[in-house]
Amino acid sequence: MNLIWVILCGISLLFGLLKNRADLLNQVLVQIGMDTFDFALPVIVTTCFFNGIMEIARECGVLDQLQKLLQPFLNKLFPDVPSDHPSLGYIGANIVINMFGLGFAATPSGLKAMEHLQKLNHDKKQASRPMVTFLVLNTAGVTLFSTNIIAYRMAEGSVDVTRYLPLAIASTCCASLAGLLLDRWWNYR
Amino acid sequence: MLVWQDFFWTGGGTIAELSQMLLPVFFLMLCAVSLIQGINAYDAFVKGVKDGMKLTVSIFPSLMAMILLINLLDCAELFDLLSDMISPMISFLPSEILAMCCFRPISGGASMALMVQILRTFGADSLYGTMASVIQGSTDTTLYVIALYFSSVGIKKIKNALWIGLFADFVGIVAAIFLTVHFF
């Protein structure tokens, strides 16, 4: 990330200077604080609200229920992991939290899951098969409900905030399915 | 051709009507369940908001880094350069959407910032505004997840995780574009 960021920043500064746009570049740099603030403020407020709603859902046991529903499915997906292994619980929680679009809230359970999978791993330097499957589930995971996107759409004055949702759910399903199939074909043949 | 509303109980309802019901009904269900189970929903809500506050404060620095980068790229007209290179192949999409597709697997912050720019330029409820939202929702940031998760347990060789992740992203983004064009 560091490399990408520095190089891209450098290139655009260079291009900007070559194109005689020093005034515009200067303006960008001076205003970046205010720009970020304007950008972030509506989002912070709405994300806070949705986080509150999700916390109620968690307390009500909605997340636990979903996790239980996923159990048989997880046993199929991770044949290398014993079915009562603690890592599966964390993977389940991670998937469920991701489903509700709380990417950052999902990270702690994801890290726990990796820790437990590493205990099962024979070669500590190389990723195991369940780890790769978990990564695919995580990066291409099905998201039912992205609070961030809804927050930004609200902030930008959308009349119908959740209109994108059915389409997003369909394409996220395509992505997960494609990732899992490729993983199966490549790693479990 | 199958129509969306055939799948749902709303009968004559449209996607718009259905999706507008989603949030209120979900909230109503939560209220009911918390009453039945005797859960302190108010405290839970307040705690969740507090956590959300911490969360957003913690991503603010990386958000600023990303917005800086995007503003600089925009200022140097590099997005236009990029889309000039790709657009002969995919001519029906605006350059902002193409740039977003490129950034989606690399940085969630960057693609999110681009999404907001698209929402602003084209309108949140326009075809491209909807498309940008769908693209953003279709996958997660592969590079970030891989870097974070594997480094946390000290794994050096990630096998084919990156390729599978990027492939899934690609399929998700292509599906997002086609589904939006088809059902919008």
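Start with chains A and B together: 78 residues of chain A are in contact with 82 residues of chain B, where contact means that C-beta atoms, placed from the backbone, lie within 7 Å. This is a predicted model, in which local features need pLDDT of at least 70, side-chain atom pairs count only at pLDDT 80 or more, and totals for chains, interfaces and linings use all residues. Residues are numbered from 1 along each chain as its sequence is written, while chains are lettered from A and ligands numbered from 1 in the order in which they are written.

**Chain A's side**

Next, select α1 (2-18), α2 (22-59), α5 (103-120), α6 (129-139), α7 (147-155) and α8 (165-187) of chain A; these are the elements that give two or more residues to the side touching chain B. Helices here are DSSP runs (H or I, at least four residues), numbered from the N terminus. The most comes from α2(A), with 20 residues. Colour that side of chain A by residue type and you will find 42 nonpolar, 23 polar and 13 charged residues. Ala, Val, Leu, Ile, Met, Phe, Trp, Tyr, Cys and Pro count as nonpolar, Asp, Glu, Lys and Arg as charged, and the others, Gly among them, as polar.

**A glycine in chain B**

Now click on B:G48, which sits in helix α2 (residues 41-75) of chain B. B:G48 is buried, because 24 other C-beta atoms lie within 10 Å; buried means 20 or more such atoms within 10 Å. Leaving aside neighbours within four places in sequence, B:G48 touches A:N51, A:G52, A:I53, A:M54, A:E55 and A:I56.

Show α7(A) with helix α5 (residues 108-122) of chain B: their axes come within 10 Å and cross at roughly 30 degrees. Axes are lines fitted to C-alpha atoms, for helices over the stretch in contact, and angles run from 0 to 180 degrees between N-to-C directions. The angle therefore makes α7(A) roughly parallel to α5(B), a label for angles under 35 degrees. To see the contact, select A:N148, A:Y152 and A:R153 of α7(A), plus B:M112, B:M115, B:V116 and B:L119 of α5(B). These residues divide into five nonpolar, one polar and one charged.

**A covered helix**

Last stop: α6(B), which is mostly covered, with ten of its twelve residues buried. Among them are B:M131, B:V134 and B:I135.

Terms used
Two residues are in contact if their C-beta atoms, placed from the backbone, lie within 7 Å. Angles under 35 degrees count as roughly parallel, over 145 as roughly antiparallel, 65 to 115 as roughly perpendicular and the rest as oblique.
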